Amino acid sequence: MRSPEHPTAPQLLRLWREVRSRPDLSPDISPLYPVSHNPDFPPGRQQSFLDIDTDGPYLHIARCYTDKELSPLTSLAPRSAYTPLAYFKYSQLTHFVRRLTSTAPVRFTMTVFETLCTMDPPPTHVLSSLYSLLLSSSQPKVPSYVSKWQSELPDPISEDDWGKIFSINKYSSMSLSVQLSNFKLLSRWYLTPVRLHRMFPQSTPQCWRCLADTGTYLHLWWSCPVLATYWSEILAHVADITGFKSGNSYHLILFHLVPLPVNTYKTSLLLHLLNAAKSLIPRKWKQTAAPTVKEWIEAVERIRTLEELHYSLENQYQKYFKTWFWWSEFLLKRSPPP
Ligand SMILES: [Zn+2]
């Protein structure tokens with residue numbers, strides 16, 4: 001009768017298949033590497049192969065070594081006399097082990113993961129401990145568009161910073177259209193002249209705004225000369241309102257990589273001002289003109305209205321004022337009340 005499967009086993013095995021090559025879990029030639037029952041060593045699949053005493057259910061490679069040297073037959077399988085077949089099998093074993101270790105040496109110390117797996121009796125909470133080790137060893141998954149950005153950016157973004165970008169973009173605005181716009185920017189959703197040229201070779205790869213440079217994603221969003229005035233005006237206003245000087249860096253503007261803690265930045269006015277500025281770029285995606293400061297103010301106002309509504313419903317006006325005070329001051333300065 002088949003024993004009932006443990007509920008955590010499938011998840012554990014799935015993770016193991018993902019991370020099995022990580023050396024901190026189990027190196028290529030671990031001390032537990034199987035010699036018997038190993039499909040790569042057909043003679044060793046015989047149950048009686050050399051009749052070597054083993055501690056566990058199978059012969060592992062560390063058992064074939066003494067002081068980090070392959071053990072002689074006399075200590076591996078002590079007998080009073082050996083048949084020619086025994087010598088032949090020992091030669092098969094030494095040939096297999098030497099060929100195996102010619103590329104990677106045997107590691108004789110067990111990892112924490114291997115130790116946990118072999119403890120008898122197993123320690124308490126062994127499954128949770130194994131699962132935590134597997135999770136901490138798994139590589140963070142990054143979407144495929146990250147590598148496209150990395151190949152296009154003059155200064156690639158580190159893995160940690162990508163984590164920060166995803167964390168900020170997940171809750172970057174209460175406005176779903178702004179949130180969507182941010183996600184589309186990150187995921188390179190918009191078609192560029194370069195991409196269209198690859199799909200339709202008769203179309204030009206040049207930027208349709210400036211008609212001079214290659215229309216890459218970064219160019220269309222940031223470095224196009226037609227956008228230069230727009231970005232410099234916006235950033236001057238942003239510096240005036242928030243006191244934050246961006247240094248004209250696309251890392252900060254496009255990717256929200258500001259030198260502030262993520263939670264502080266998420267509740268700052270700066271985030272909304274930059275979101276509004278970016279949301280206007282796709283609105284004029286195939287036009288030759290850049291967005292204007294007036295349009296930017298309207299876009300920020302749409303976000304502010306939504307925030308005001310949200311915080312008033314939540315009865316958290318203090319939070320709203322804390323974020324939006326300097327924006328209101330900016331508007332008053334531009335058009336003082338009569
Ligand atoms: Zn251009």
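**Overall layout**

Tutor: The protein has 16 helices and two strands, where helices (H or I, at least four residues) and strands (E, at least two) are DSSP runs numbered from the N terminus. Its radius of gyration is 32 Å, well over the 20 Å that the globule rule gives for 338 residues, so the protein is more spread out than a compact globule. That radius is taken over C-alpha atoms, and the rule is 2.2 Å times the number of residues to the power 0.38.

Student: What should I know about the model itself?

Tutor: It is a predicted model, so local features need pLDDT of at least 70 and side-chain atom pairs count only at pLDDT 80 or more, while totals for chains, interfaces and linings use all residues. Residues are numbered from 1 along each chain as its sequence is written, and side-chain values use heavy atoms, with hydrogens and water left out.

Student: What box do the C-alpha atoms fill?

Tutor: Roughly 110 × 55 × 40 Å, taken along the principal axes.

Student: And what share of the residues is buried?

Tutor: 42% of the 338 residues. Buried means under 20% relative accessible area, exposed over 50%, and partly exposed in between (1.4 Å probe, protein chains only).

Student: How many residues of helix H14 are buried?

Tutor: 11 of the 11 in H14 (residues 269-279), so this helix is largely enclosed by the rest of the structure. Among them are His272, Asn275 and Lys278.

Student: New topic. How do H7 and H8 cross?

Tutor: The axes of H7 (residues 159-170) and H8 (residues 176-186) come within 10 Å and cross at roughly 155°. H7 and H8 are therefore roughly antiparallel to each other, a label for angles over 145 degrees; under 35 is roughly parallel, 65 to 115 roughly perpendicular and the rest oblique. Axes are lines fitted to C-alpha atoms, for helices over the stretch in contact, and angles run from 0 to 180 degrees between N-to-C directions.

Student: Which residues meet there?

Tutor: Trp162, Ile165, Phe166, Asn169 and Lys170 in H7 meet Gln179, Asn182 and Leu186 in H8, with contact meaning heavy atoms within 4.5 Å.

Student: Lys68 and Arg188: buried or exposed?

Tutor: Lys68 is exposed, at 61% relative accessible area, whereas Arg188 is buried, at 16%.
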